[in-house]
Amino acid sequence: MLEIAGTPFGRSRQQNRKGNLMQKAVWCTCLALSLAAATTAASAADLAGSWKGGGTVRFNSGSSEQAHCRATFSPSGKSAYDVSATCATSSGTVSQTAFVRGSGNSYRGTFYNPDFDASGKISIAVSGRSQVVRLSSTKGSAVIRLSR
(Lines give C-alpha, C1' and ligand atoms only; values in the text may rest on other atoms or scores of the structure.)
Protein backbone atom coordinates (compact mmCIF):
# COMPACT_ATOMS: atom_id res chain seq x y z
CA MET A 1 0.00 0.00 0.00
CA LEU A 2 1.35 3.42 -0.91
CA GLU A 3 1.65 5.77 2.04
CA ILE A 4 2.25 9.47 1.81
CA ALA A 5 2.48 11.53 4.98
CA GLY A 6 1.52 8.49 7.10
CA THR A 7 -1.86 7.83 5.41
CA PRO A 8 -2.82 5.71 2.41
CA PHE A 9 -2.68 7.67 -0.86
CA GLY A 10 -1.82 10.87 0.96
CA ARG A 11 -5.33 11.33 2.48
CA SER A 12 -5.91 12.17 6.12
CA ARG A 13 -7.52 9.61 8.41
CA GLN A 14 -10.65 11.78 8.57
CA GLN A 15 -10.86 11.78 4.76
CA ASN A 16 -10.45 7.97 4.74
CA ARG A 17 -13.25 7.53 7.27
CA LYS A 18 -15.54 9.79 5.21
CA GLY A 19 -14.61 7.85 2.07
CA ASN A 20 -15.29 4.51 3.79
CA LEU A 21 -18.62 5.78 5.13
CA MET A 22 -19.58 7.01 1.65
CA GLN A 23 -18.68 3.63 0.11
CA LYS A 24 -20.75 1.82 2.73
CA ALA A 25 -23.70 4.17 2.21
CA VAL A 26 -23.59 3.65 -1.56
CA TRP A 27 -23.31 -0.13 -1.10
CA CYS A 28 -26.25 -0.21 1.36
CA THR A 29 -28.39 1.90 -0.98
CA CYS A 30 -27.64 -0.40 -3.92
CA LEU A 31 -28.42 -3.48 -1.84
CA ALA A 32 -31.72 -2.01 -0.60
CA LEU A 33 -32.79 -1.08 -4.13
CA SER A 34 -31.88 -4.54 -5.44
CA LEU A 35 -33.87 -6.26 -2.71
CA ALA A 36 -36.87 -3.98 -3.26
CA ALA A 37 -36.82 -4.65 -7.01
CA ALA A 38 -36.55 -8.41 -6.49
CA THR A 39 -39.42 -8.42 -3.97
CA THR A 40 -41.65 -6.34 -6.26
CA ALA A 41 -40.93 -8.59 -9.27
CA ALA A 42 -41.58 -11.76 -7.29
CA SER A 43 -44.86 -10.54 -5.80
CA ALA A 44 -46.10 -9.12 -9.09
CA ALA A 45 -45.47 -12.36 -10.92
CA ASP A 46 -47.12 -14.55 -8.26
CA LEU A 47 -50.82 -14.79 -9.10
CA ALA A 48 -51.19 -18.21 -7.47
CA GLY A 49 -54.01 -18.50 -4.98
CA SER A 50 -57.47 -17.08 -4.37
CA TRP A 51 -58.76 -13.68 -5.45
CA LYS A 52 -62.18 -12.06 -5.07
CA GLY A 53 -63.95 -8.92 -6.18
CA GLY A 54 -66.48 -7.60 -8.63
CA GLY A 55 -67.25 -5.53 -11.66
CA THR A 56 -69.56 -5.08 -14.60
CA VAL A 57 -70.66 -7.57 -17.24
CA ARG A 58 -71.97 -6.04 -20.48
CA PHE A 59 -74.04 -8.10 -22.88
CA ASN A 60 -74.29 -7.52 -26.64
CA SER A 61 -77.98 -6.69 -26.12
CA GLY A 62 -76.81 -3.50 -24.40
CA SER A 63 -77.80 -4.53 -20.89
CA SER A 64 -75.29 -4.82 -18.06
CA GLU A 65 -75.15 -6.41 -14.62
CA GLN A 66 -72.93 -6.15 -11.58
CA ALA A 67 -70.98 -9.32 -10.84
CA HIS A 68 -69.32 -10.66 -7.68
CA CYS A 69 -66.52 -13.11 -8.45
CA ARG A 70 -64.06 -15.51 -6.88
CA ALA A 71 -61.10 -16.84 -8.85
CA THR A 72 -58.35 -19.35 -8.19
CA PHE A 73 -55.04 -19.15 -10.06
CA SER A 74 -52.97 -22.34 -10.30
CA PRO A 75 -49.45 -22.28 -11.80
CA SER A 76 -49.24 -24.30 -15.02
CA GLY A 77 -45.77 -23.49 -16.33
CA LYS A 78 -43.30 -20.65 -16.46
CA SER A 79 -45.32 -17.41 -16.12
CA ALA A 80 -48.53 -19.33 -16.92
CA TYR A 81 -51.67 -19.99 -14.89
CA ASP A 82 -54.89 -21.99 -15.14
CA VAL A 83 -57.77 -19.94 -13.79
CA SER A 84 -61.09 -21.17 -12.41
CA ALA A 85 -63.69 -18.54 -11.56
CA THR A 86 -67.28 -18.30 -10.41
CA CYS A 87 -69.29 -15.11 -10.74
CA ALA A 88 -72.75 -14.27 -9.44
CA THR A 89 -75.05 -11.64 -10.95
CA SER A 90 -78.74 -10.87 -10.47
CA SER A 91 -79.41 -13.35 -13.31
CA GLY A 92 -77.58 -16.25 -11.70
CA THR A 93 -74.19 -17.84 -11.14
CA VAL A 94 -71.76 -18.91 -13.85
CA SER A 95 -68.38 -20.60 -13.91
CA GLN A 96 -65.57 -20.14 -16.37
CA THR A 97 -62.02 -21.32 -16.90
CA ALA A 98 -59.07 -19.54 -18.45
CA PHE A 99 -55.44 -19.97 -19.34
CA VAL A 100 -53.17 -16.93 -19.08
CA ARG A 101 -49.49 -16.34 -19.75
CA GLY A 102 -47.46 -13.22 -19.16
CA SER A 103 -44.61 -11.48 -17.48
CA GLY A 104 -44.25 -8.72 -14.95
CA ASN A 105 -47.66 -7.22 -14.31
CA SER A 106 -49.41 -8.14 -17.57
CA TYR A 107 -51.06 -11.43 -18.54
CA ARG A 108 -53.12 -12.47 -21.57
CA GLY A 109 -54.92 -15.57 -22.65
CA THR A 110 -58.25 -17.19 -23.43
CA PHE A 111 -61.31 -18.07 -21.38
CA TYR A 112 -64.27 -20.42 -21.74
CA ASN A 113 -67.70 -20.24 -20.12
CA PRO A 114 -69.56 -23.54 -20.64
CA ASP A 115 -72.86 -22.15 -19.26
CA PHE A 116 -73.18 -19.78 -22.23
CA ASP A 117 -70.83 -21.61 -24.61
CA ALA A 118 -68.81 -18.40 -24.74
CA SER A 119 -65.10 -18.16 -25.33
CA GLY A 120 -62.90 -15.17 -25.84
CA LYS A 121 -59.88 -13.19 -24.76
CA ILE A 122 -58.79 -12.30 -21.25
CA SER A 123 -56.21 -9.75 -20.15
CA ILE A 124 -55.02 -9.09 -16.61
CA ALA A 125 -53.16 -6.07 -15.25
CA VAL A 126 -51.69 -6.68 -11.79
CA SER A 127 -50.88 -3.95 -9.29
CA GLY A 128 -49.65 -5.25 -5.94
CA ARG A 129 -52.45 -7.21 -4.26
CA SER A 130 -55.08 -6.27 -6.83
CA GLN A 131 -55.73 -6.88 -10.50
CA VAL A 132 -58.06 -5.73 -13.24
CA VAL A 133 -59.41 -8.52 -15.44
CA ARG A 134 -60.88 -7.70 -18.86
CA LEU A 135 -62.85 -10.31 -20.80
CA SER A 136 -64.24 -9.99 -24.30
CA SER A 137 -66.16 -12.36 -26.55
CA THR A 138 -68.75 -12.26 -29.30
CA LYS A 139 -71.45 -12.41 -26.60
CA GLY A 140 -70.29 -9.53 -24.42
CA SER A 141 -67.51 -8.20 -22.21
CA ALA A 142 -66.62 -7.68 -18.57
CA VAL A 143 -64.26 -5.69 -16.39
CA ILE A 144 -63.66 -7.25 -12.99
CA ARG A 145 -61.44 -5.93 -10.20
CA LEU A 146 -60.03 -8.64 -7.95
CA SER A 147 -57.93 -8.46 -4.80
CA ARG A 148 -56.43 -10.80 -2.20
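The following legends describe close-up views of a predicted model.

Residues are numbered from 1 along each chain as its sequence is written, and side-chain values use heavy atoms, with hydrogens and water left out. Because the model is predicted, local features need pLDDT of at least 70 and side-chain atom pairs count only at pLDDT 80 or more, whereas totals for chains, interfaces and linings use all residues.

**Figure 1. Overview of the chain and its secondary structure elements.** The chain holds one helix and ten strands, where helices (H or I, at least four residues) and strands (E, at least two) are DSSP runs numbered from the N terminus. Read from the N terminus, the order of the elements is β-β-α-β-β-β-β-β-β-β-β. Of the 148 residues, 26% are buried; buried denotes under 20% relative accessible area, exposed over 50%, and partly exposed the range in between (1.4 Å probe, protein chains only). The accessible surface of the chain is about 9700 Å², and carbon and sulfur atoms contribute 57% of this surface. These areas come from the Shrake-Rupley method with a 1.4 Å probe, and for residues only the protein chains shown count as cover. Among contacts with a separation of 6 or more, 28% join residues 24 or more positions apart, a contact being heavy atoms within 4.5 Å.

**Figure 2. The closed barrel of eight strands.** The barrel runs β3-β4-β5-β6-β7-β8-β9-β10 with antiparallel pairing. From one strand to the next, the twist averages 25°; axes are lines fitted to C-alpha atoms (for helices, over the stretch in contact), and angles run from 0 to 180 degrees between N-to-C directions. Two strands are taken to pair if DSSP finds at least two bridges between them. Strands of a sheet pair through backbone hydrogen bonds, in either a parallel or an antiparallel arrangement.

**Figure 3. Strand β3 and its pairing with β4 and β10.** Ten bridges join β3 to β4 in the antiparallel sense. Within this pairing, tryptophan 51 has alanine 71 of β4 as its bridge partner, and glycine 54 has histidine 68 of β4. Four residues lie between the strands in the hairpin of β3 and β4, where glycine 62 adopts a positive phi near 105°. The pairing of β3 with strand β10 (residues 140-147) is also antiparallel and extends over eight bridges. Here phenylalanine 59 has glycine 140 of β10 as its bridge partner.

**Figure 4. The aromatic cluster of Trp51, Phe73, Tyr81 and Tyr107.** Three aromatic pairs are found in a search of the whole structure. Rings of Phe, Tyr and Trp (its six-membered ring) pair if their centres lie within 6.5 Å; planes under 30 degrees apart count as stacked, over 60 as edge-to-face and the rest as tilted. The ring centres of tryptophan 51 and phenylalanine 73 are 6.2 Å apart and the planes lie at 65°, so this pair is edge-to-face. Because tryptophan 51 belongs to strand β3 (residues 49-59) and phenylalanine 73 to strand β4 (residues 64-75), the pair ties together parts that are 22 residues apart in sequence. Tryptophan 51 is buried at 3% relative accessibility, and phenylalanine 73 is buried at 3%. Tyrosine 81 and tyrosine 107 also form an edge-to-face pair, with 6.0 Å from centre to centre and 75° between the planes. Tyrosine 81 lies in strand β5 (residues 80-89) and tyrosine 107 in strand β7 (residues 106-113), so the pair ties together parts that are 26 residues apart in sequence. Tyrosine 81 counts as buried at 7% relative accessibility, as does tyrosine 107 at 1%.

**Figure 5. The polar contact between serine 91 and glutamate 65.** Serine 91 is located in the loop between β5 and β6 (92-103) and is exposed, at 59% relative accessibility. Its side chain makes a polar contact of 2.3 Å with the side chain of glutamate 65. A polar contact is a pair of N or O atoms within 3.5 Å; within protein, one must be able to donate a hydrogen and the other to accept it, and residues adjacent in sequence count only if both atoms are side-chain atoms. The C-alpha atoms of serine 91 and glutamate 65 are 8.2 Å apart, while the residues are 26 positions apart along the chain.

**Figure 6. Positive phi values at serine 79 and aspartate 117.** Most residues other than glycine have a negative phi. Serine 79, in the loop between β4 and β5, has a positive phi near 55° and is partly exposed at 31% relative accessible area. Aspartate 117, in the loop between β7 and β8 (118-127), has a positive phi near 45° and is exposed at 52%.
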